[in-house]
Amino acid sequence: MEIKIINHYKLDLNNVKQLDIGTQFYHKIYDDFDSVEGEILVKLEHEFGTDKVSSTRTRLSLKHKLVVSMLNGELASFCFFGDLPFEFNYFKLKENEIYFYDCFTFKEFRGLGAVYSEVRFVLDRYKDQGYKFAYVEIETKNRSSKRAFAKLGFKKEKTFMSFSCLNLKLLFP
């Protein structure tokens, strides 16, 4: 049995906080699996196994997107996001809203602001396209993700408890 406490955060794209992190990352957004460079897939497989590559393929086939941060030609971090009306685990995404999930920074790049930088890159692009809100859900124990998203201005809206047992998942607001 697994119990998770998950916080749901919201950001009004008119209130994104500016922060100079001092590191210059190169960012790229992928919207189809075939365009993802091989070295990115190799690093994902090396760090997480073949399941991560398979889930990346599935997510991109569902029209989700992958944003990456590169530093000196090496994958520093990544984050998936949805930008179309979708139903996620705990809520339904509407028009002109973005949902971030499964963000990760590789050990050698932690503390440099990679996730902040890549999410900021996406927010700036989507605000220019008329998007209004962004969301993320973060497990309570994930302090580094909470800090990164707080730096952008995300505010906690709700807390959920998730119970999982034998492929059965229950959610309590």
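Tyr101 lies in strand β5, strands being DSSP runs of E of at least two residues and helices DSSP runs of H or I of at least four, both numbered from the N terminus. At 12% relative accessibility, Tyr101 counts as buried, where buried means under 20% relative accessible area, exposed over 50%, and partly exposed in between, with a 1.4 Å probe and protein chains only. The model described here is predicted, so that local features are given where pLDDT is at least 70 and side-chain atom pairs count only at pLDDT 80 or more, while totals for chains, interfaces and linings use all residues. Residues are numbered from 1 along each chain as its sequence is written, and side-chain values use heavy atoms, with hydrogens and water left out.

When its neighbours within four places in sequence are left aside, Tyr101 is in contact (heavy atoms within 4.5 Å) with Arg59, His64, Cys79, Phe80, Phe81, Gly82 and Phe88. Tyr101 and Phe78, which are 23 residues apart in sequence, are separated by 9.8 Å in space, C-alpha to C-alpha.

The protein chain as a whole comprises 4 helices and 8 strands, and from the N terminus on its elements follow the order β-β-α-α-β-β-β-α-β-α-β-β. Its radius of gyration is 16 Å, close to the 16 Å that the globule rule gives for 173 residues, so the chain is as compact as a globular protein of that length; this radius is taken over C-alpha atoms, and the rule is 2.2 Å times the number of residues to the power 0.38. Along the principal axes, the C-alpha trace spans about 45 × 40 × 30 Å. Of the 173 residues in the protein chain, 45% are buried, and among contacts with a separation of 6 or more, 71% are between residues 24 or more positions apart. The chain exposes about 9900 Å², of which carbon and sulfur atoms supply 49%, the areas coming from the Shrake-Rupley method with a 1.4 Å probe and, for residues, with only the protein chains shown counted as cover.

In soluble globular proteins, nonpolar side chains tend to be buried together. The largest nonpolar core in the model has 28 residues, and those with the most contacts inside it are Ile40, Leu44, Val68 and Phe78; a nonpolar core is a set of buried Ala, Val, Leu, Ile, Met, Phe, Trp, Tyr and Cys residues joined through side-chain atoms within 4.5 Å. At least two residues of this core are supplied by each of α1 (38-48), α2 (50-61), β3 (65-71), β4 (74-82) and β5. Apart from its neighbours within four places in sequence, Ile40 is in contact with Tyr30, Val68, Met70 and Leu75. A second, separate core of 23 residues includes Tyr9, Val16, Tyr116 and Leu123.

A search of the whole structure finds 1 disulfide, defined as a pair of cysteine sulfur atoms within 2.5 Å, and it is formed by Cys79 and Cys103, whose sulfur atoms are 1.9 Å apart. Because Cys79 lies in strand β4 and Cys103 in strand β5, the pair ties together parts that are 24 residues apart in sequence. Cys79 counts as buried, at 0% relative accessibility, whereas Cys103 is partly exposed, with a relative accessible area of 21%.

The loop between β4 and β5 holds Leu84, which counts as partly exposed at 35% relative accessibility. Leaving aside neighbours within four places in sequence, Leu84 is in contact with Lys63 and Leu93.

Helix α4 (residues 143-152) has Ser145, Ala148, Phe149 and Leu152 as its buried residues. Seen down the axis of α4, these residues fall within an arc of 90 degrees, so they line one face of the helix, the arc being that of the directions from the helix axis to the C-beta atoms. The face turned away from this buried side carries the exposed residues Arg143 and Arg147. The cover over the buried residues of α4 includes β1 (2-12), β5 (97-105), α3 (114-128) and β6 (133-139).

Most residues other than glycine have a negative phi. Asn72, in the loop between β3 and β4, has a positive phi near 55 degrees and counts as exposed at 79% relative accessibility. Phi of Asp102 is likewise positive, near 55 degrees; Asp102 is found in strand β5 and is partly exposed, with a relative accessible area of 27%.
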